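Please keep the sequence and the structure in view while reading.

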Amino acid sequence: MALKDITLGQYFPGNSVVHRLDPRTKLLLTVVYIVALFLCSHVVSYAVMLLTLIACILASQVGFRPILRGMKPIFFIACITGLLNLFYTKGEGAPLVSFWVLEIYPEGIWAAVFMVLRIGMLICGTFLLTYTTSPILLTDGLESLLSPLKKLHAPIHELAMMMSIALRFIPTLIEETDKIMSAQKARGADFDTGNLLQRARALVPLLVPLFISAFRRADELAVAMECRCYHGGEGRTRLRQLKYARRDVIALAGGAAIAVLVGVLGHFGL
């Protein structure tokens with residue numbers, strides 16, 4: 001897997017209906033989508049959520065290729081999770097396959113398929129949020145949604161800013177890691193052969209300059225923010241004010257309707 005396949009935190013500019021949604025709407029819809037996804041229990045409800053995800057991807061005009069490329073880093077985790085569900089989910093009848101202490105039941109097969117599907121759809125849905133929302137708008141939307149907590153003197157603006165900066169610098173750190181890895185390979189470093197301990201030791205020449213570069217970037221960012229007289233969210237104004245539009249109301253109503261539908265389907269075992 002190449003580091004360039006990791007697309008977490010990237011933003012794809014566009015003018016689709018998903019891009020034009022208010023960031024607060026997209027954050028709320030993401031939460032509703034996750035809740036509805038965990039309410040799924042059978043084929044029909046998963047089919048409804050899969051069709052919803054496909055419709056959102058088509059409406060965003062991002063395309064399936066970037067999302068599928070971003071799924072590569074979690075492929076191994078999804079496979080391990082599927083295997084654990086396959087072998088450790090017991091059924092009521094006789095097992096289909098029995099080998100040593102491992103037994104495979106029909107319920108285990110369905111549990112493994114549903115778990116892998118749930119993880120993949122969860123990652124795709126959250127990726128779609130960062131693909132269609134710039135870090136600045138994401139910060140403003142998150143701060144606006146959490147603004148009631150300011151009455152409890154919670155540092156909402158600072159927390160939202162930190163999350164936005166972390167998302168913003170993920171692609172930068174990945175690009176920096178790729179450059180350092182290429183430079184170390186040109187000097188004879190080997191990251192692909194050997195046992196687990198040898199590979200871990202080979203990462204030391206990679207991690208040290210990466211941490212130094214990350215700390216240097218953090219210091220430069222802090223100096224740049226201080227030079228621009230940044231002192232937190234107190235008294236701060238925004239160039240773009242967030243306003244709900246008709247399309248946001250329609251999107252929220254549609255998301256709520258799908259969540260209710262999935263909950264009803266789960267209640268009837270569909």
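Which residues in α6 are buried? They are Leu 137, Leu 138, Thr 139, Asp 140, Gly 141, Leu 142 and Glu 143. The model described here is a predicted one.

**Overall architecture**

- The chain contains 10 helices and 2 strands.
- In sequence order, the elements follow the pattern α-α-α-α-β-β-α-α-α-α-α-α.
- The chain has 270 residues, of which 33% count as buried.
- Among contacts with a separation of 6 or more, 73% are made by residues 24 or more positions apart.

**Helix α6 and its packing against α1**

- The cover over the buried residues of α6 includes α1, α5 and α7 (156-186).
- Helix α6 spans residues 135-145, and α1 packs with α6 at an angle of about 70°, the two axes being 8 Å apart.
- Because angles of 65 to 115 degrees count as roughly perpendicular, α1 is roughly perpendicular to α6.
- On the α1 side, the contact is formed by Pro 23, Arg 24, Leu 27 and Leu 28.
- On the α6 side, the residues are Leu 137, Leu 138, Gly 141, Leu 142, Ser 144 and Leu 145.
- By type, the residues of the contact of α1 with α6 comprise 7 nonpolar, 2 polar and 1 charged.

**Nonpolar cores**

- The largest nonpolar core has 23 residues, and those touching the most other members are Tyr 33, Met 49, Leu 53, Ile 67, Met 121 and Ile 123.
- At least two residues of this core come from each of α1 (23-39), α2 (43-60), α5 (106-132) and α10 (246-267).
- The greatest contribution to this core is that of α5, with 8 residues.
- Another core, of 5 residues, lies apart from the largest one and includes Leu 27, Leu 129, Leu 138 and Leu 142.
- When residues up to four places away in sequence are not counted, Ile 67 touches Ile 57, Cys 124, Leu 128 and Tyr 131.

**Aromatic pairs**

- The structure holds 4 aromatic pairs.
- In one of these, the ring centres of Tyr 46 and Phe 114 are 4.7 Å apart and the ring planes are at 5°, so the pair is stacked.
- This pair links distant parts of the chain, with Tyr 46 in helix α2 and Phe 114 in helix α5, 68 residues apart.
- Tyr 46 and Phe 114 are both buried.
- Together with Trp 110, Tyr 46 and Phe 114 form one aromatic cluster.

**Ser 60, in helix α2**

- Ser 60 is located in helix α2.
- The relative accessibility of Ser 60 is 1%, so Ser 60 counts as buried.
- Neighbours within four places in sequence aside, Ser 60 is in contact with Ser 16, Val 18, His 19, Leu 128 and Thr 132.

**Arg 217, in helix α9**

- Arg 217 belongs to helix α9, which covers residues 204-227.
- With a relative accessibility of 31%, Arg 217 counts as partly exposed.
- Apart from its neighbours within four places in sequence, Arg 217 is in contact with Thr 172 and Glu 176.
- Arg 217 and Thr 172 are 45 residues apart along the chain, and their C-alpha atoms are separated by 10.0 Å.

Notes
Residues numbered from 1 in each chain as written. Predicted model: local features only at pLDDT ≥ 70, side-chain atom pairs only at ≥ 80, totals over all residues. Heavy atoms only, no water. Core = buried A, V, L, I, M, F, W, Y, C linked by side-chain atoms within 4.5 Å. Buried < 20%, exposed > 50% of the residue type's maximum accessible area, 1.4 Å probe, protein only. Helix = DSSP H or I, 4+ residues; strand = E, 2+ residues; numbered from the N terminus. Contact = heavy atoms within 4.5 Å. Axes fitted to C-alpha atoms, helices over the stretch in contact; angles between N-to-C directions. Parallel < 35°, antiparallel > 145°, perpendicular 65-115°, else oblique. Nonpolar A, V, L, I, M, F, W, Y, C, P; charged D, E, K, R; others polar. Phe/Tyr/Trp six-rings, centres within 6.5 Å; stacked < 30°, edge-to-face > 60°.
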